[in-house]
Amino acid sequence: MSGMNKADLQAVLRRAAWQLERRSAELNDLDARTGDGDMGSTLASISKALCDEIEDLPEELGECFGGVVRVIGATSGSSLSAVAMTGFHRMAAETKGRTTVPWPALGGLLQLAVKSMQERSGADLGDKSVIDGLMSVAEAVSEETDPTIMAALADAAVTRSLDTFRDRPSRIGRARLAPRQGIGQDDPGMVALKRVIEAIRRSDDGPSADSVMRAKAGSTSP
Amino acid sequence: MKKILNSPDSYVDQALAGMVLAHPAAYRQAGTKGRVIARRYTKEVGKVGIASGGGFGHLPLFAGYVGTGLLDSCAVGDVFAGPSLDDVEQALRVANLGAGILCVIGNYGGDKMVFGMAAEALEAEGVEIETVVVADDVASAPPENAVTRRGVAGVVLAFKIAGAAAESSRSLRDTAAVTRKALESCRSIGVALSSCTVPKAGKPTFELEDDAIEMGMGIHGEQGVWRGALRSADDLADEMLDRLQADCPLQGGDRVAVLCNSLGATPLDELYILYRHLAGRLASMEVEIAFPLMGHYATSMEMAGASLTVMKLDDELASLLQAPARCPHWKDLQCPE
């Protein structure tokens, strides 16, 4: 069975880094509404540092994810960075010694990463953070075999999370100090995730999220 | 933006370089990028190391308090952004003097997670580590949710207690315990008169009308408890003290440390005007100010405003606060006659 290897991971990281650098101002503006307005700059710094490392990643996936942890660890200490490092660290541990992760297992791997992120940050599902978006993505792609379909499902899942949480208060991070301020606002971490997934999807010219969802629901409409 | 700088990107590194050049006998830069401030001379092998770290823009907090009887090392992040994992890990290695490390940090998500990860890395090598999280800002959460409060100027008093305890050869467990005890009765609140500007943002963090103030604002411009017209110094002092007392009541016979802190632009003159009234109020309650501190301790760059911190003292805490400390920024105003 085919699965994600180093080349796939490199492609995802390249796209993610490119997108996060480009979206820096948008994410800063969003973050400024409930936080200190530096999320876009932080993610752009990490992305820049990541670009220097992507081409030299080793074949072993555990080492690849470990390399991502090292890049973030050397670049930033924001809470989002710490959460991301924790997730990549768990994925490094889970993929140690492996060069491929079968596509159907990717959702499970992501769920383990999200669980570690929750433990580290103290964030619960429902607190309105990137963790909610990631968990919905992990569940949506679980057991899927086609990476193109997975990307579309991920896009639909994070869009759904954004819609679900938009009118809820923020209960974690700096936004927790004035939770009602978050009502009506998208969580910037979830938006960053959405932008990354959009960039990954554009790289594979896959089906639209809507068409995949319709197909899964058994619809015959085009 | 009107600031003395060469470029926003070099703001932190050039300020740190200048700080070390200005105080060569006190500080040295460590870490691969110079983002760890360490004591120039550390002779006390075998004592508990005190480490901290946090975002820049609050000097003298955090890195300014590296010194004898205070911090052994401090990891420095960007302006209002926590230090990186690498820098925190290196700060902990610098502070590892053979008897364990106590991390004293503010209650901020990124700092807690990064210090947690760095601590795990050293613990895996057999180093004992404890962490004390300072959450003293009463304006940031109600008492029933006190564990989520921000750490503000009370961090400075925590550094002094922890540093003095470590200097007197206490164990890691005792040093952590006495620091936690001090923080149980330490409360702070700030009032902002004007905003600060993060260099890379280039515009004020928040807008505040010329005649307006915000009570309870955090040291990064986090929302306070009310925004309204400027009031007299005595009224402000009353409200700040009342809010601290509502959370941690004082009574006749209590001894306290009082830290009247400038958030950056507010001059010592205005702090003394606040203190005059506070001292009168406390005297009328028969509360003894055993340890007054006034000046720039925990700032938000050029933000105008002040914060008030009150910590209740017993003999042990008073003695640790009064123990000698050597650091360019520790100002003990108790000048013996």
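## Helices 7 and 8 of chain A

In this predicted model, helix 7 of chain A passes helix 8 of chain A in a right-handed crossing. Two packed helices are described by the angle between their axes and the distance between the axes. Here the angle is about 140°, and the axes lie 8 Å apart. Helix 7 covers residues 130-141 of chain A, and helix 8 covers residues 147-165.

On the helix 7 side, the contact is made by Asp132(A), Gly133(A), Ser136(A), Val137(A), Ala140(A) and Val141(A). The residues they meet in helix 8 of chain A include Met150(A), Leu153(A), Ala157(A), Arg160(A) and Phe165(A). By class, the residues of this contact are 10 nonpolar, 3 polar and 2 charged.

## Helix 3 of chain A

Helix 3 of chain A has 16 residues. From its first C-alpha to its last it reaches 22 Å, close to the 22 Å expected at 1.5 Å a residue.

Which residues of helix 3 of chain A are buried? They are Met39(A), Gly40(A), Ser41(A), Thr42(A), Leu43(A), Ala44(A), Ser45(A), Ile46(A), Ser47(A) and Leu50(A). Among the elements that cover these buried residues are helix 1 (6-22), helix 2 (24-34) and helix 9 (188-202) of chain A. Helix 4 and helix 5 of chain A also belong to this cover.

## Where chain A touches chain B

The contact between the chains involves 23 residues of chain A and 23 residues of chain B. On the chain A side, at least two residues each come from helix 3 (39-54), helix 4 (61-75), helix 5 (79-94) and helix 6 (103-121). Helix 5 of chain A gives the largest share of that side, 5 residues. The side of chain A that touches chain B divides into 6 nonpolar, 12 polar and 5 charged residues.

## The two domains of chain B

Chain B is divided into domain 1 (8-184) and domain 2 (186-322). Taken over C-alpha atoms, the centres of domain 1 and domain 2 of chain B are separated by 22 Å.

Between these domains, 29 residues of domain 1 of chain B are in contact with 34 residues of domain 2 of chain B. Helix 4 (154-167) and helix 5 (172-184) of chain B each supply at least two residues of the domain 1 side. Which helix of chain B gives the largest share of that side? Helix 4 of chain B does, with 8 residues. The side of domain 1 of chain B that touches domain 2 has 21 nonpolar, 4 polar and 4 charged residues.

Conventions:
Residues numbered from 1 in each chain as written. Chains lettered and ligands numbered in written order. Predicted model: local features only at pLDDT ≥ 70, side-chain atom pairs only at ≥ 80, totals over all residues. Contact = placed C-beta atoms within 7 Å. Helix = DSSP H or I, 4+ residues; strand = E, 2+ residues; numbered from the N terminus. Nonpolar A, V, L, I, M, F, W, Y, C, P; charged D, E, K, R; others polar. Domains from an automatic or database assignment. Axes fitted to C-alpha atoms, helices over the stretch in contact; angles between N-to-C directions. Left-handed = near helix turned anticlockwise from the far one by under 90°. Expected span 1.5 Å × (residues − 1). Buried ≥ 20, exposed ≤ 12 C-beta atoms within 10 Å, placed from the backbone.
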